[in-house]
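Here are some notes to read alongside the model. Please keep the sequence and the 3D view open as you go through the points.

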Amino acid sequence: MKRSLFGRLWPNATAVVLFIGFVFPVYWMFATAFKPTGDIISEDPVWFPTDVTFEHFRTATGVDHFWTYVTNSLTVTILAVVFSLIIALAGSFALARMRFKGRRGFIIGFMLAQMAPWEVMIIAMYMIVRDASMLNSLVPLTLFYMMMILPFTILTLRGFVAAVPQELEEAAMVDGCTRVQAFRRVILPLLAPGLMSTSLFGFITAWNEFALVLILNKEAESQTLPLWLSSFRSAFGDDWGATMAASSLFAIPILILFVFLQRKAVSGLTAGAVKG
Amino acid sequence: MASMTVQTERPPSGPADVRKGADVVGSGRPTQRAASRAGALGPYLLLLPACAATVLLLGWPLVKDVLLSFQNLNMAQLIQHVTEWNGVDNYKEVLTGEDFWRVTLRSILFTAVNVVLTMLLGALVGLLLARLGKRMRFTLMVGLVLAWAMPVVAASTVYQWLFAQRFGVVNWVLDKLGWHSMADYSWTSSQMSTFFVVTVLIVWQSIPFVAINLYAATTTIPTELYEAASLDGAGAWRSFTTVTLPFLRPFLYATTFLEIIWIFKAFVQVFTINGGGPDRLTEILPVYAYIEGVGNQHYGMGAAIAVLTILILLGLTAYYLRIVLKQEEDEL
């Protein structure tokens, strides 16, 4: 089938338009962050920044408690991801490799848990945390974030564990490994892509979380970056340069992780492990 | 790059390969029998931390929410730490009030519009990806991934800047296109314009998930099917409706279902763009529950609204949920 010139052109033309549509907001965020204020508030937009300034980044990071927010966000996010990985590894191994009563029930339970409407339950979570006198603490945040990403982590890792050929594990056990050793030396290294992609998802979820920290932590010392970012506009009025610099700073770790980890997650580690 | 799709949020269908692995262990070989009997508790022990966490951190808030919804809990009771049960009063007040129904209807319409737009445009972009040449496809994918990866709070801040009344790019473009009344337009001043901004934001961020996954799904369609169809004299449109569409149907169901859940709970986008305003006219159910409960300090009422919201969400997704659960039971 030969396509007409028009038939070959329109997909590419549409793709270019779409590309611009999807990239522009991200581009505009970075562009605004680096433009001098005069170029930001100009009657006609300055599409390509010619003078580059770091002043907006200085304003954004110069806010009181900025580094506290950064530390808090990193602490909460990393701990939540690590805890959920550890808990999920054990659970997913059982679900993928063992046969026992109620297995199906567990899987369905985690599936339902994955759909939990967290945004709607924040009042109850607030009451629980308040009754435990844990408001303005990072502990409840870490625990709840861990729970938000746990079902997805278990279910996804289950798929990855199941995909590791049973023969590899058996071969290791024939060679004298215990089950735990076989798991640690054979399965775990092969799970790397799975661990990467689940931790990527978990990191994004916890890093972005807004509704819960908004209600639980009212004191600046215990707040995280999403609150800093959302309060930026009211605090700085219409300082769009600083606001966009803040947005850029907040988005960069996620954008980098997404691009970087995605590559690794893709590499098929199991591909050559068992030769047929 | 296409396989980022599979892991990011796997549509809830059990991997078929689990079955193979599961039978081998535990029951079989005589040498292992004794050990396996001792290890019969093994799987439960392994699952214990996950289950304990789920019960404590998810189950307990759910139960607590239901309990709170039967209590008269306002600022006074909150400060004095007293529990006043008031039966179904909260529900009566919520359900007989006009606000709740208005917000519910608004939420459902809001979800419907966003899901339809996301699925339709996402599917079209996905099919376009399948048609593009390698280089162009990669370029568009990069754009999609960038939009997808943008953190929601950052994205909503950027959208406020794009739609800013003064110096916002959108108003500038509309003005240049000849729509001069938009030159100084305040997008947050009315209900519809606020919803417009929120919708553009949500659809922009949701399309990549649908498009990239759909493209990945089309690559798994065996080419023999197309060849057979064209041997039977099917044109482009017929082979699309007889081969592509049936093949993608399960995927489309699963994605629609996920999008309904995500968009129905779109608290952050609505809250950050305009706080449910102007005049509380853009509150959707999760925002309504928050503002009634926490903002106006009627915690019991807020909890009742939350319970009702969860029930509505269950109702909206019940049809698909049933399919998934049945399918899981058959597969496991």
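**Notes on the predicted model**

1. Let's begin with how chain A holds together. Among contacts in chain A between residues at least 6 apart in sequence, 78% join residues at least 24 apart. Two residues are in contact here if their C-beta atoms, placed from the backbone, lie within 7 Å.

2. A word on conventions. This is a predicted model, in which local features need pLDDT of at least 70 and side-chain atom pairs count only at pLDDT 80 or more, while totals for chains, interfaces and linings use all residues. Residues are numbered from 1 along each chain as its sequence is written, and chains are lettered from A and ligands numbered from 1 in the order in which they are written.

3. What secondary structure does chain A have? There are 14 helices and zero strands in chain A; these are DSSP runs, numbered from the N terminus (helices are H or I, at least four residues; strands are E, at least two).

4. Next, the overall form. Chain A is more spread out than a compact globule, because its radius of gyration is 24 Å, well over the 19 Å that the globule rule gives for 276 residues. That radius is taken over C-alpha atoms, and the rule is 2.2 Å times the number of residues to the power 0.38. The C-alpha trace of chain A spans about 75 × 70 × 30 Å along its principal axes.

5. Now the domains, whose bounds come from an automatic or database domain assignment. Chain A has domain 1 (5-53) and domain 2 (65-237 + 258-266), with 35 Å between their C-alpha centres. In chain B, the assignment gives domain 1 (18-68) and domain 2 (73-331), and the C-alpha centres of these two lie 35 Å apart.

6. Where the chains meet, 82 residues from chain A and 81 residues from chain B take part in the contact. Helix H1 (residues 5-34) of chain A supplies the largest share of the chain A side, 13 residues. By class, that side of chain A has 62 nonpolar, 13 polar and seven charged residues. Ala, Val, Leu, Ile, Met, Phe, Trp, Tyr, Cys and Pro count as nonpolar, Asp, Glu, Lys and Arg as charged, and the others, Gly among them, as polar.

7. Finally, confidence, given as pLDDT (the predictor's confidence in each residue, from 0 to 100). Chain A averages 85, and 92% of the residues score at least 70. Over residues 265-276 of chain A the pLDDT is below 50, although this stretch has 18 contacts in the model beyond near neighbours in sequence. Where pLDDT is low, the predicted coordinates should not be read in detail.
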